[in-house]
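Please look over the structure below before reading the notes.

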Amino acid sequence: MTQEFSFSLAATSGKARTGTISTPRGDIRTPAFMPVGTAATVKAMMPESVRATGADILLGNTYHLMLRPTAERIAALGGLHKFMNWDRPILTDSGGFQVMSLADLRKLTEEGVAFKSHIDGSKHMLSPERSMEIQRLLGSDIVMCFDECPALPATRDDIAKSMELSMRWAKRSRTAFGERPGYALFGIQQGGLEEDLRAQSAEALQDIGFEGYAVGGLAVGEGQEAMFNTLEFAPDQLPKDKPRYLMGVGKPDDIVGAVARGIDMMDCVLPSRSGRTGQVFTRLGVLNIKNARHQDDPRPLDENCGCPACKNYSRAYLHHVFRSQEIISSMLLTWHNLHYYQDLMAGMRAAITEDRFTEFERDFHSTRAQGDIDPL
Ligand SMILES: [Zn+2]
């Protein structure tokens with residue numbers, strides 16, 4: 001097994017790319033979807049079940065873990081991989097995004113962000129240096145730079161100032177990260193929806209030099225059209241020979257559209273969160289298991305799906321356990337949704353390898369347009 005972090009491109013189809021990120025903890029096939037394990041667990045899933053869906057890598061959240069159980073405690077217990085029983089790669093975010101969305105009484109300065117915990121009101125500080133320290137204590141394989149992500153809409157001036165601050169923080173993140181063979185630090189491009197600001201950000205990041213690059217500041221309420229418009233140019237501004245990660249995306253059609261525009265990695269809580277609220281993703285679109293139409297239906301969610309929920313249980317059963325608020329409902333629906341997402345990624349990787357991504361995209365949209373099977 002490799003002791004270095006590396007990325008190799010195997011094939012392209014249009015702008016879509018497929019390849020492999022190699023790490024000492026295993027390979028990540030790209031395009032990759034990363035399930036979100038916020039508090040050292042992908043909710044309702046055993047780690048071995050997450051692996052069985054086809055995931056090569058998980059995402060952990062710095063903000064949540066630093067507050068509870070704390071990075072220091074996880075480090076003392078052998079690191080996040082051992083703590084949560086997942087021995088494959090883990091990417092952690094920097095905490096920057098969640099501190100802005102979840103914490104109380106935030107104060108942003110050049111140094112970083114001071115805030116109060118949303119859990120117990122305790123005071124904390126996140127800075128590039130502290131974020132790098134926490135992610136090292138967790139043992140994260142892919143570490144994200146500490147950045148600031150302005151909420152959209154914002155004025156061009158505010159976006160420019162925020163991007164420039166994030167670039168200064170990227171430099172401090174790189175210095176604080178130090179030399180760590182086998183581990184990667186990713187820079188995060190900012191600049192909102194503005195092509196020239198995105199270009200400036202990409203250039204500043206490449207001057208510093210990172211093992212991978214994220215497109216940040218999207219999927220924050222701008223809508224799919226604006227996001228895709230930005231993805232027409234943003235990935236092209238980043239190095240071709242490094243992985244490109246679109247943070248916090250998304251719905252299945254967002255994911256296919258992002259891969260079509262040159263993105264290699266994505267993460268989102270949507271498949272797991274939806275599994276707990278009864279929303280189910282299939283090839284034929286979205287269905288809601290709590291709907292009464294399913295209560296007498298002996299058919300699976302998707303007859304073409306190989307997950308345990310589809311192989312062994314009827315829509316009627318899944319409807320019943322959801323309505324009864326049985327824990328197995330979250331387990332089965334989350335498993336199905338994660339399985340569907342990983343199947344989608346595998347399908348895209350195969351299509352890119354065979355240079356038929358345009359065809360894949362067309363089939364994906366026309367199959368979804370059919371909608372769910374008719375009620376019995
Ligand atoms: Zn299934």
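**Binding site residues**

With 30 C-beta neighbours inside 10 Å, D93 counts as buried; a residue is buried if 20 or more other C-beta atoms lie within 10 Å of its own, exposed if 12 or fewer, and partly exposed in between, with C-beta atoms placed from the backbone. This is a predicted model, in which local features need pLDDT of at least 70 and side-chain atom pairs count only at pLDDT 80 or more, while totals for chains, interfaces and linings use all residues. Residues are numbered from 1 along each chain as its sequence is written.

- An unreviewed UniProt entry places the feature "binding site" at D93, S94, G95, G96, F97, D147, Q190 and G217. UniProt positions follow the numbering used here, feature names are shortened, and annotations may be inferred rather than shown by experiment.
- D93 is in the loop between β6 (90-92) and α5 (96-102); helices (H or I, at least four residues) and strands (E, at least two) are DSSP runs, numbered from the N terminus.
- Apart from neighbours within four places in sequence, D93 is in contact with L59, N61, T62 and M144. Contact means that the C-beta atoms of two residues, placed from the backbone, lie within 7 Å.
- F97 is in helix α5 and counts as buried because it has 22 C-beta neighbours inside 10 Å.

**The three-stranded sheet**

- Three strands form an open sheet in the order β7-β8-β9, with antiparallel pairing; two strands pair if DSSP finds at least two bridges between them.
- β7 (104-108) and β9 (123-126) are at the edges with a single partner strand each, so one side of each has no neighbour in the sheet.
- β7 and β8 (residues 113-116) pair in the antiparallel sense over three bridges, and D104 stands opposite K116 in β8.
- K116 counts as partly exposed because it has 15 C-beta neighbours inside 10 Å.
- K116 and L105 are eleven residues apart in sequence and 5.9 Å apart in space, C-alpha to C-alpha.

**The nonpolar core**

- The largest nonpolar core has 105 residues, and those with the most contacts inside it are M34, L58, F186, L246 and M266. Such a core is a set of buried Ala, Val, Leu, Ile, Met, Phe, Trp, Tyr and Cys residues joined through C-beta atoms within 7 Å.
- Helix α14 (residues 327-353) gives the most to this core, with twelve residues.
- Domain 1 (6-268) and domain 2 (275-367) both give residues to this core, so it lies between them; the domain bounds come from an automatic or database domain assignment.
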